[in-house]
Amino acid sequence: MFVIVNKETNRIHREPNRKSYASTSYKSLAAAKAGVTRTVKYYAKAVADVQKTVSEGNPDYMSRYYYDARDATREPSEYGRGYDMRVVADGSGLEIMTSEEYGDPQVTRTGRSPYNGNEITVTIGINQVGTHMDPLCESHYTN
């Protein structure tokens, strides 16, 4: 099995046009390369759609792909993503690895538990940070 990894964040990359429940692993190297190609084409299509919308006389935010095109063309800001999305949009920031090579990088974080307010330290996989599997995330504690 192969995965596409974002070189800047070391997280597994999910193609922007795939469903959220679809797997992020590929059975062959060729399939993973095709996934990178689909990502690059998706962002190129987003930029072209915004340019077409602007050329028709509409504001750029009227495009369906406005946010994707903005991610693909703007420099990262201190208020947005913590990494440069432009290298993902052109494919140079993506790397293909086998699942065994990638492993499961861990990260240790300390913070206040949303459940009871106590300070806790957790070690979880880097791809689970901010998801329902993260004990420092509110959605982990649903009653």
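Modeller: Two strands are said to pair if DSSP finds at least two bridges between them, and strands here are DSSP runs of E with at least two residues, while helices are runs of H or I with at least four, numbered from the N terminus. This is a predicted model, in which local features need pLDDT of at least 70, side-chain atom pairs count only at pLDDT 80 or more, and totals for chains, interfaces and linings use all residues. Residues are numbered from 1 along each chain as its sequence is written, and side-chain values use heavy atoms, with hydrogens and water left out.

Colleague: How do you know that β1 and β2 pair?

Modeller: Strand β1 (residues 2–6) is joined to strand β2 (residues 25–26) by 2 bridges, and the definition asks for at least two, so the two strands count as paired. They run antiparallel, and F2 has Y26 in β2 as its bridge partner.

Colleague: What makes β1 mostly covered?

Modeller: Of its 5 residues, 4 are buried, where buried means under 20% relative accessible area, exposed over 50%, and partly exposed in between (1.4 Å probe, protein chains only).

Colleague: Why is α1 called roughly perpendicular to α2?

Modeller: Helix α1 (residues 29–55) and helix α2 (residues 66–73) pack at an angle of about 110°. Angles of 65 to 115 degrees count as roughly perpendicular, under 35 as roughly parallel, over 145 as roughly antiparallel and the rest as oblique, so α1 is roughly perpendicular to α2. Their axes, lines fitted to C-alpha atoms over the stretch in contact, with angles running from 0 to 180 degrees between N-to-C directions, lie 8 Å apart.
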